[in-house]
Structures are given as C-alpha cells and as structure tokens.
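Me: I have a model open and I'd like to learn how to read it. Could you walk me through the features one at a time?

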Amino acid sequence: QYSPDSVAGADGEIDPAEVTFPGCSCRSSSCAAAQCPCLRHGHSYSGLCLAEQQEQPFSRPVFECNSLCSCGEGCQNRLVQRGLQLRLQVFRTRRKGWGVRALEPVPRGSFVCEYAGEVLGFAEAQRRIQAQAPGEPNYIIAVREHLHDGRVMETFVDPSRVGNVGRFLNHSCEPNLFMVPVRVDSMVPRLALFAAADISAGEELSYDYSGRFHNSPGASREQKPLEEENSLRKPCYCGSRTCASFLPWDSSLFSTP
C-alpha cells in the first residue's frame, strides 16, 4: 500500500501523526532562527536545501514548523512535510533488483524523498526480522540518534507492507544521498533523504544503509558478524571503488536479549 508519510505500525505502539510539539507564534511569512523556537536549537534550511553544517563532533537536530505554528504554509522552515517534489522513477537494475533514479537534476542539499513506512516499537521490529527467511528482502531500517547526554533514541521503520518510493532505494558504499531525522509534529522523526552532491538526470539514487556516511566514526552499530551469521549477509553490488562486498550488518534485531 502506497503512503507518502509514515503510519502507525500494526503493534500500535507509536503514532507518527500525533502532534505533541507546541507551535511557534511567529507572524512573518518565514521564521527567523533568532526568534523562532522551532529553529533556535536545531539545524535549518537555506532556501530549499539543507544548510551546510560547520565542522563539529555531532549533528544538530532538524525541527520544522508544524501544524500548530502561526507562520503559515509559505514558511521556509517547511520542507520535508511538503513531500516529494522531484520527478523520480523506479526502474529495474541489472543486479540489484529495483532501484530509483532521478529524472531531473538534483542540486546538492536538496530534499529528495522520505523513507516512509510503518513506525514500529523494538519488539515488533525484532519479531518481523526474525520471522524473515534468509532469502527475503529486508526493508526494516533502524535509526539510532546519539544524544548529548549519552542516551540513544531508536526509530524503526518498515515499508514492507505500507511505504513510499524510498523503499526501492539501493545501498551504496559511496552514495549520493544521506539520511537526516527531521521532526515536524512530535519526537517521532521523518527519515528524510537529502542529496549529498549534485545529481544528474538519469543517475541512480542511493544511500549508505549503515549510517556511516555523513556521520562521525563509530556512530554505526555495524559489526563483524559471527561465522554462523555470514549466511544471513547479502552481497553488495554497488560497484563503487570502496565497496565492502557485503551489505551493512547490524545483528541487534536478530539477537535475543
């Protein structure tokens, strides 16, 4: 079932549509970082692109203005919530199954699409992973955000049954997209994919499933699998110069506490 936005999973544990953030009281058509509480503590956009971040050991969060804000639909701090604006095409690749390519040039920093699906709690995400046969495709993504106080926030999204075009994006060890958790109405993030470089029309779109790309070293929980887990790993056909030969591996959803 196609859905442009993430939805509550069958476990009913998390509702991404719930509005829990207060709105800003900005009256201008476009909010300014100095006054707007949505922008004050987060990363912001420059025009229709994600602004470049200065060198720092961590990434700042992105908070968009929401449905309770006074600034209106024309505010420049509303980008991911507007949804897909580019012309994309799902196509059959030679070795990787389905893929997605751009049908128009995409400037660096542009929002491309969201990775939308069912938002699950850990228990249901683990149950679905463990129920999969080794040959089945796995679409469940686990996103971990490391907070300044040492806590880790986890988000699990599964577009296997309900999702959008993002489910067809392939992995690359040298990708042209990177994922940013963007929050609009609540602490449940939208998993937004932005262009890491200028992308040409007809070029396949890809991102790094491990989260290494555009993140500081050690941010990924990818690990060397045990010998008995090697059969679960899938070969990588990205074709990049630095290809790791296998798709990224994170065994946390396979292991039993």
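Reply: We'll go through the cores, a sheet with its helix, and then the salt bridges. Keep in mind that this is a predicted model, where local features need pLDDT of at least 70 and side-chain atom pairs count only at pLDDT 80 or more, while totals for chains, interfaces and linings use all residues. Residues are numbered from 1 along each chain as its sequence is written, and side-chain values use heavy atoms, with hydrogens and water left out.

Me: Which residues touch the most other members of the largest nonpolar core?

Reply: General idea first: in soluble globular proteins, nonpolar side chains tend to be buried together. A nonpolar core here is a set of buried Ala, Val, Leu, Ile, Met, Phe, Trp, Tyr and Cys residues joined through side-chain atoms within 4.5 Å. Buried means under 20% relative accessible area, exposed means over 50%, and partly exposed is in between (1.4 Å probe, protein chains only). In this model the largest core has 22 residues, and L88, V112 and L205 touch the most other members. Two or more residues each come from β6 (98-102), β7 (111-114), β9 (141-146), β12 (177-183), β13 (190-195) and β14 (204-207). The top contributor is β13, with three residues. Helices (H or I, at least four residues) and strands (E, at least two) are DSSP runs, numbered from the N terminus.

Me: What is V112 in contact with, beyond its neighbours within four places in sequence?

Reply: Contact means heavy atoms within 4.5 Å. By that rule, V112 is in contact with L84, L86, L88, V106, L177, L193, F194, A195 and L205. Apart from this core lies another, of twelve residues, with Y45, V62, V180 and A196 among them.

Me: Now the sheet. In what order do the four strands of the open sheet run?

Reply: Two strands pair if DSSP finds at least two bridges between them. Here the order is β1-β8-β10-β9, with mixed pairing. The edges are β1 (7-8) and β9, each with a single partner strand, so one side of each has no neighbour in the sheet. The pairing of β1 with β8 (residues 118-120) is parallel, over two bridges, and V7 has E118 as its bridge partner in β8.

Me: Which helix packs on that sheet?

Reply: That's α2 (residues 122-131), which touches β8 and β10 (152-158). Its direction makes about 110° with that of β8; axes are lines fitted to C-alpha atoms, for helices over the stretch in contact, and angles run from 0 to 180 degrees between N-to-C directions. The buried residues of α2 are E124, A125, Q126, R128 and I129, and they pack against β8 and β10.

Me: How many salt bridges does a search of the whole structure find?

Reply: Twelve. The test is a side-chain nitrogen of Lys or Arg within 4 Å of a carboxyl oxygen of Asp or Glu. R127 is partly exposed at 46%, whereas E124 is buried at 14%.

Me: What about R212 and D208?

Reply: Their closest N and O atoms are 3.9 Å apart. R212 is partly exposed at 39%, while D208 is buried at 8%. Also look for shared partners: salt bridges join E118, E124, R127, R128 and D158 into one network.
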